[in-house]
Amino acid sequence: MSRTPSHPTREQIELPLVLDCLSDPIRLAIVYQLARQERVSSELCCGDFNGLAGKSNLTYHFAKLRDCGLMQTRVAGTNRFMRLRREDLEARFPGLLDAVLKSAAKDAGRLQLVAECDVVEAD
């Protein structure tokens with residue numbers, strides 16, 4: 001049995017699934033933090049998000065983000081590293097991710113997107 005999680009191909013990423021996934025505040029916070037971290041490192045591990053929710057809750061949200069095509073997960077030993085699929089999303093829906101992130105940044109405090117585990121300061 002392969003430990004590598006399955007990911008949709010670029011062509012299989014569907015707009016309704018992406019938008020539905022981003023409608024959840026925790027998943028939006030995960031995407032927001034992954035995007036903010038891109039300037040320093042393209043990947044974060046599961047433990048970097050512990051300030052957002054419990055471990056089992058986060059596992060559920062990571063799976064939803066992976067299944068809709070927003071995030072890619074890489075397994076290395078006992079660690080799982082996540083990154084945004086920015087190139088694939090930009091190819092499928094030009095400007096969508098940047099528009100969502102820009103809007104989320106304006107409301108980050110109200111939406112509680114900035115957690116204790118936040119790694120990088122916003123500009």
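Residues are numbered from 1 along each chain as its sequence is written, and side-chain values use heavy atoms, with hydrogens and water left out. Because the model is predicted, local features need pLDDT of at least 70 and side-chain atom pairs count only at pLDDT 80 or more, while totals for chains, interfaces and linings use all residues.

**Overall layout**

- The protein has six helices and three strands; these are DSSP runs numbered from the N terminus, with helices being H or I of at least four residues and strands being E of at least two.
- Read from the N terminus, the elements follow the pattern α-α-β-α-β-β-α-α-α.
- Of the 123 residues, 38% count as buried, a label that stands for under 20% relative accessible area, with exposed meaning over 50% and partly exposed in between (1.4 Å probe, protein chains only).
- Among contacts with a separation of 6 or more, 72% come from residues 24 or more positions apart.

- The three strands make an open sheet in the order β1-β3-β2, with antiparallel pairing; two strands pair if DSSP finds at least two bridges between them.
- Strands β1 (44-45) and β2 (71-76) sit at the edges, each pairing on one side only.
- Six bridges join β2 and β3 in the antiparallel sense.
- Along that pairing, A76 has N79 of β3 as its bridge partner, and R74 stands opposite F81 in β3.
- Helix α2 packs on this sheet and touches β1, β2 and β3, its direction making about 80 degrees with that of β3; the axes are lines fitted to C-alpha atoms, for helices over the stretch in contact, and angles run from 0 to 180 degrees between N-to-C directions.
- The hairpin of β2 and β3 has two residues between the strands, and G77 there takes a positive phi near 65 degrees.

**Two faces of α5**

- L97, V100, L101 and A104 are the buried residues of α5.
- Seen down the axis of α5, these buried residues fall within an arc of 95 degrees, so they line one face of the helix; the arc is that of the directions from the helix axis to the C-beta atoms.
- An α-helix has 3.6 residues a turn, so residues three or four places apart point the same way.
- Exposed residues K102 and K106 are carried on the face of α5 turned away from its buried side.

**A cysteine pair without a bond**

- Zero disulfides turn up in a search of the whole structure, a disulfide being a pair of cysteine sulfur atoms within 2.5 Å.
- The sulfur of C21 has its closest cysteine sulfur in C68, at 3.7 Å, which is too far for a bond.
- Both cysteines are buried: C21 has a relative accessible area of 3%, and C68 has one of 5%.

- E14 is found in the segment before α1, whereas R92 belongs to helix α4 (residues 86-92).
- Both count as partly exposed, E14 at 43% relative accessibility and R92 at 33%.
- Although E14 and R92 are 78 residues apart along the chain, their C-alpha atoms are separated by 8.5 Å.
- Not counting residues up to four places away in sequence, E14 touches R92 and F93, while R92 touches R10, E11, I13 and E14.

Key:
Contact means heavy atoms within 4.5 Å.
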